[in-house]
Amino acid sequence: SEGQKRKVAAAAILLMEPSVLILDEPTVGQDGESLGNLVEAISSLSERKGTAIISITHDIRVARALGERVIVIKEGRIAKEGDIALAEDFFKEEKDVR
């Protein structure tokens, strides 16, 4: 499955212990348990090795778990920049629009 492929890819990359890790929608196809395991592994790598984590996500759970600095990009430009509260506001606005 797509989720399983992502898990294997993430595990292989995390084992390399990169100094910078860029994730594009890392939780697509993941159940709650897999999401928790992935976030725990990413956080552990960051804490142990000082790895910088950049995550592009539409998943508020990932933003909450990994976010310290949040950048909202619209039409290819930085629209807003701030802390995790900015992500909370962004996801609330998106939900209200739907």
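This report covers the pockets and a nonpolar surface patch of a predicted model.

## Largest pocket

The largest pocket has a volume of about 920 Å³. Its lining is made up of 28 residues, and Ile54, Ser55, Arg69, Val70 and Ile71 lie nearest the centre.

At least two residues each come from the helices α2 (32–49), α3 (60–66) and α4 (84–97) and from the strands β2 (52–56) and β3 (70–74). By class, the lining of the largest pocket holds 17 nonpolar, seven polar and four charged residues.

## Second largest pocket

Helix α1 (2–15) and strand β1 (20–24) each give at least two residues to the lining of the second largest pocket. The largest share, six residues, belongs to α1. Nine of the lining residues of this pocket are nonpolar, one is polar and three are charged.

## Nonpolar surface patch

Val20, Ile22, Ile54 and Ile56 make up a nonpolar patch on the surface, and together they have about 360 Å² of accessible area. Strands β1 and β2 each supply at least two residues of the patch. Ile54, one of the patch residues, is also among the residues nearest the centre of the largest pocket.

Ile56 is part of strand β2. This residue counts as partly exposed because its relative accessibility is 39%, and partly exposed covers values between the 20% limit for buried and the 50% limit for exposed.

Key:
Residues numbered from 1 in each chain as written. Predicted model: local features only at pLDDT ≥ 70, side-chain atom pairs only at ≥ 80, totals over all residues. Heavy atoms only, no water. 1 Å grid on protein atoms, 1.4 Å probe; cavity = no way out; pocket = protein on both sides within 12 Å on 5 of 7 lines; lining within 4 Å. Points joined across faces, edges and corners; volume = space filled by probe spheres on them. Helix = DSSP H or I, 4+ residues; strand = E, 2+ residues; numbered from the N terminus. Nonpolar A, V, L, I, M, F, W, Y, C, P; charged D, E, K, R; others polar. Patch = residues over 30% accessible without salt bridge, like charges linked within 9 Å, V, L, I, M, F, W, Y side chains within 5 Å. Areas by Shrake-Rupley, 256 points an atom, 1.4 Å probe, with all protein chains shown as cover. Salt bridge = Lys/Arg side-chain N within 4 Å of Asp/Glu carboxyl O. Buried < 20%, exposed > 50% of the residue type's maximum accessible area, 1.4 Å probe, protein only.
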